[in-house]
Amino acid sequence: MDGLITDHIELLNEQQVRNLLKISNIVNSNFDLTSMLQTIVDTISENSIWPIVGIVIIDEEKHEEWFAAQRGFKIYNSIEEDRWSLDICISPQAVRSGKAIVIEDFFQVDDLPPGVRDYCIESGYRSAVLVPLKETYPSTVLWLCTPDVTQHTQSDIVFAESLSNQVAIAYRNAQLYEKSRSQAAELAKIHDTMGQLLNMVVERDTSEKIRNAAAQMFKNPIWFEDHYGNRIPNIGGPSAPDKLETTLPIKYPYKDHNVLAIPIVSGSEQFGWLLSLDSHEDFKESDISFLRQLALIFSMVFLKERVFHEVESQVRMDLFSSLVSITEKDTQNSIKLNQRATALRVEIPQRGRVAIVGVDSGNSVIDFSFQDKLARAATTIARWLPNRLVAIQDQYIAMLISPGEENKIAKRLTELNFFFSTSQPILAVGEIVESKNLYGVSLTSALKVLNVVRYLNLKGMVFKSEDLGIYSILFDPGKQGELESFSRKVLGQLLSNDPQGIYWETLKTFFEENFHLESTAKILNIHISTLRYRLDKIQSFGIDWKKSDTRLEIHIAIVVEKWRR
């Protein structure tokens, strides 16, 4: 019993020593917390002068206390029902003092909290020794009570303190046992969960399906973010910290919760972040272990999906390139290409058109991040158009569609802004062809539409070849030099004599307002007589806007100059 009782063991009588040894043997043979506490209470009640015994737990956070185990208290119901506010309890006094509180007669104590004396009468005790258990969390107090007035001897108090030391050590041991058992159970659960998720990987389930299953098992929301800040799925909640350069888990606050960010890494490559929000309570060590193992699983999933998508994307690119390269009479190759399309589970319309989604990368050198975003956007479009060929070509996404399907793409085009936050996607639609062997013609017209739109900086997101009319003939980007020479020939004298741009702005607005004097003057915020003076001055620069046969030339020159600027 070395170290288990006080240094005043010589004050204990022979019976107390025997009872203390008996209690020590009993409590140290049981590691189940709940049953151990009840065994302690029963053993003390049967082997001491205190028939009424209780172990009180003090919850400072909830500001209440309750019996973890008790024997002999007459009005006690259950742990759930019998909880008392610390304002009317005396157990905290024992905890604060750090030593036993001896009350020989509750009826003779004047400064008791309200209601304590009534509770003594109802519970059947009148005298008590309250001993705090040392180094326990939460704070715990051993109540040793008798139904009658009792004058406790020094030997009784030493015995009570010895009992509390025994109980404290047994209590801490039981807590450690409970914790280790709980951790073992949690680890077993994690192992079982990881086994289920790995089976899903083997069965080739999608990352989204695996994520949903993991979130349901974890009972907390789970989502991903790649290095570009794209969220998968695009749900509400916090983002990963900016420029987070670490391979270790990191926890940070978000509103009234915590967020845990785990890097998803395969070898030297990091795919992004696995994030979770604590819904109910702060993350435990087992939660962090679960999410770290989950991140390893998703690194395998993403690596597998990347390889699969890269191979499929390359096959689709090759098929598209072949389809737009064959000639109208190349029947043999057309049959082979149809067979390849069937193997890819795509249908090539007999009557159709090429549509392309173009995005300005903002860089003459295409970097990997842009290509990755383009691939994600292509995957998204493929979900909108099941059974259609969608392929990446250089800096655009191409697709073979039936007439009218471009409207389905147009309705959802703004969703691609999720991938391209700094550039507006443009849908350019080529002319309709009546044969699978003529898709090259449709592609040429679609590319021309895209180039003309960029050349003229036209506003909007969706453009069809039939909508551009004369612009598609006149504004051929391949003839950019000729167009600029033409513009300088028509407007050169005006521009060289207009350093402040007054006459240029007047001419441009006049043409945009269809030669209407009043609306032009209003937009320029000048008097109509001033406008007439400027128009006469413009004529002196060789720009005869009054002649109908020269107005078309002037209009084209203005459009080219607007684009150049």
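S162 is buried, at 1% relative accessibility. Buried here means under 20% relative accessible area, exposed over 50%, and partly exposed in between, using a 1.4 Å probe and protein chains only. This is a predicted model, where local features need pLDDT of at least 70, side-chain atom pairs count only at pLDDT 80 or more, and totals for chains, interfaces and linings use all residues. Residues are numbered from 1 along each chain as its sequence is written, and side-chain values use heavy atoms, with hydrogens and water left out.

S162 sits in helix α5 (residues 154–202). Helices (H or I, at least four residues) and strands (E, at least two) are DSSP runs, numbered from the N terminus. A polar atom of the S162 side chain lies 2.8 Å from the backbone oxygen of V158.

Two other residues are also listed with their accessibility.

| Residue | Relative accessibility |
|---|---|
| S162 | 1% |
| N220 | 11% |
| R316 | 13% |

N220 occupies the loop between α6 (207–218) and β7 (222–225). In sequence, N220 and S276 are 56 residues apart; in space, their C-alpha atoms are 6.7 Å apart.

R316 belongs to helix α7 (residues 285–323). Beyond its neighbours within four places in sequence, R316 is in contact (heavy atoms within 4.5 Å) with L344, V346, R388, L389, V390 and A391.

Helix α2 (residues 33–46) has 14 residues. From first C-alpha to last, α2 reaches 20 Å, close to the 20 Å expected at 1.5 Å a residue. That expected span is 1.5 Å times one less than the number of residues. Buried residues in α2 are L33, M36, L37, I40, V41, T43, I44 and S45.

Key: Polar contact = N/O pair within 3.5 Å; in protein donor to acceptor, adjacent residues only side chain to side chain.
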